[in-house]
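Subject: Structure handover

Hello,

Here is the structure I promised to pass on. Please open it alongside this message. My notes follow below it.

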Amino acid sequence: MLSFVPFSPFQFWLPTRILFGEGLLQQAGALIAEHVPGKRIFLVTDPGIVMAGLVDDVLASLHRAHYETDIFQQVAPNPKDVDCELGAEQVRSFQPDLILAIGGGSVIDSAKAIALLHTHPGRIQDYEGRGKVAGPVTPLVAIPTTAGTGSEVTRSSVITDTGRKCKMTVKDVKLAPLLALVDPETTYSLPAPLTAATGMDAFVHAIEAYTCKLANPISDAFALAAMARIWRALPAAVHEGGNRLARQEMMLGSLMAGIAFSHADVAAVHCMAEALGGRYDTPHGVANSIFLPVVTAFNAQADPERHAHAARVCQLPVEGLSSAEASAVLVEALFARAREIGIPRFADLPYVRREDFPSLAAVSYANGSTPSNCRPITENDYLTLFEEAYAGAARA
Ligand SMILES: [Fe+2]
């Protein structure tokens, strides 16, 4: 007899128009003019993207389309509240119709914060949480240059509060970009360590969206497709950076994972990764990859079926195994994958101090995504997971 799994009522709304394909970067001006009204564009980016020459290409394209432009290029990794305030000052004096983000997650998240502060008073801290944005924000166009963040299609901005040394999330559908120009060519020259870290971030978006409490049938479809693509393509993208098909798969996987978690949520892996990044500035994808195996082992006890299905989707050798056994195979594969693509071990991060673990556990527990974790999780559980991740670093 067929069995069906019930699901709760849900909403699905993707306000972002997505254009995907090689060569879009060079056509940015014409494409933006075709899809979004406006004459004055404020570019948000970082020094690495400028050095890579991507900004020059976009600026030339914008000027061909007769846009007036100004540029803010001071975004740092794990973007900071103070930088967003600097950007907000500059955007208020330029008064653009549109904001264009060219970069990875840090750049796109900063651009969302700057777009918000352009039309709303106060500091970014005033809007922390869900649905706190009262009115419209300046329209945003995003050109992602990593296959990781998915921020080009999400409604969240994660910003480091430098005063509290922690990350905060502003989540509101008004922050979602109106247009995403997703051009895999922008990632062709991304160095292997960045490809690995950002790619694992995308994988964690997919698996957390699939296993968290807020998953729904449509987010599941995106999460499963993203997991399959990313798991298969990531080693090739890391080890053969010029592999165009692998880069294309990663860009699409990252985009789909972004849609998935934006409509579901992330969970305990991100809660721990954001605590670590807020404290030590650890690259977000590195932190996610470090915590993923131990959190997966913890969560699989609550939902072995979904974790076993994730193992099957990744084409791990689990045929004939029970769900619990398949979940264990998944955990081992996650440890092995991190080593294979050169993610550093937790215990090898020279700045990490075990005496910080209790406060990191407290910050993780306070994260707004803690209630979304599929297994109820306490502050003490987080502490145990930090210790396990530290000890587990020596196992593979
Ligand atoms: Fe993430």
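Please keep in mind that this is a predicted model.

I began with the largest nonpolar core. It holds 127 residues. Seven names stand out there: Ala101, Ala206, Met227, Ile230, Ala260, Met272 and Phe291 touch the most other members. Helix H7, residues 217-239, supplies the largest share of this core, with 11 residues. Where does the core lie? It lies between domain 1 (17-187) and domain 2 (192-392), because both give residues to it. As a general point, nonpolar side chains tend to be buried together in soluble globular proteins.

Take alanine 206 as a way in. Setting aside neighbours within four places in sequence, alanine 206 is in contact with Ala223, Ala226, Met227, Ile230, Ala257 and Ala260.

Next, the sheet. It is open and has 6 strands, in the order S1-S9-S6-S4-S2-S3, and the pairing is parallel. Which strands stand at the edges? They are S1 (17-20) and S3 (68-72). Each has a single partner strand, so one side of each is left without a neighbour in the sheet. From one strand to the next, the twist averages 20 degrees.

S1 pairs with S9 (residues 179-182) over 4 bridges, in the parallel sense.

Best wishes

Methods: Residues numbered from 1 in each chain as written. Predicted model: local features only at pLDDT ≥ 70, side-chain atom pairs only at ≥ 80, totals over all residues. Pairing = 2+ DSSP bridges. Helix = DSSP H or I, 4+ residues; strand = E, 2+ residues; numbered from the N terminus. Axes fitted to C-alpha atoms, helices over the stretch in contact; angles between N-to-C directions. Core = buried A, V, L, I, M, F, W, Y, C linked by C-beta atoms within 7 Å. Buried ≥ 20, exposed ≤ 12 C-beta atoms within 10 Å, placed from the backbone. Domains from an automatic or database assignment. Contact = placed C-beta atoms within 7 Å.
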